[in-house]
Amino acid sequence: SDANKFSLPGLIETTFTVELEASYIQLGQFISDLESLDNILKIHSFDISPTQAATKDKEKVAGPNRYKMSIELSIFKVKKEV
């Protein structure tokens, strides 16, 4: 999703909301990949919680090494002058 945010002159800001489910290692790799981007990132919100899996008795229990992550972030790009 994209939302209007205040950004500095000369910069283009695009805001994203990402929700995903992965293992702890996969989440770490995703965050590492974000850090390696050439663009400037700004994280507005970040939430990680264990996923819930239903058992045969329909009770909620924590899934094996699975986590749900929700992150809202902005990516900034420098406007090219023509």
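Setting aside neighbours within four places in sequence, Lys 79 is in contact (heavy atoms within 4.5 Å) with Gly 10, Leu 11 and Ile 12. The model is a predicted one, in which local features need pLDDT of at least 70 and side-chain atom pairs count only at pLDDT 80 or more, while totals for chains, interfaces and linings use all residues. Numbering runs from 1 along each chain as its sequence is written, and side-chain values use heavy atoms, with hydrogens and water left out. Lys 79 sits in the segment after strand S3 (60–78). Lys 79 counts as partly exposed because its relative accessibility is 47%; buried means under 20% relative accessible area, exposed over 50%, and partly exposed in between (1.4 Å probe, protein chains only).

As for the chain as a whole, there are one helix and three strands, arranged along the sequence as β-α-β-β. Helices (H or I, at least four residues) and strands (E, at least two) are DSSP runs, numbered from the N terminus. Mean pLDDT, the predictor's confidence in each residue from 0 to 100, is 81 for the protein chain, with 76% of residues at 70 or more. Of the 82 residues, 18% count as buried. Among contacts between residues at least 6 apart in sequence, 67% join residues at least 24 apart.

The largest nonpolar core has seven residues: Ala 22, Leu 27, Leu 34, Met 69, Ile 71, Leu 73 and Ile 75. Such a core is a set of buried Ala, Val, Leu, Ile, Met, Phe, Trp, Tyr and Cys residues joined through side-chain atoms within 4.5 Å. H1 and S3 each supply at least two residues of this core, and S3 gives the most, with four. Leu 34 touches Leu 41, Ile 71 and Leu 73, not counting residues up to four places away in sequence.

On the charged side, a salt bridge is a side-chain nitrogen of Lys or Arg within 4 Å of a carboxyl oxygen of Asp or Glu, and the count comes to one. Arg 66 pairs with Glu 21, the closest N and O atoms being 3.9 Å apart. Since Arg 66 lies in strand S3 and Glu 21 in strand S1 (residues 11–23), the pair ties together parts 45 residues apart in sequence. Arg 66 is partly exposed, at 29% relative accessibility, and Glu 21 is also partly exposed, at 47%.
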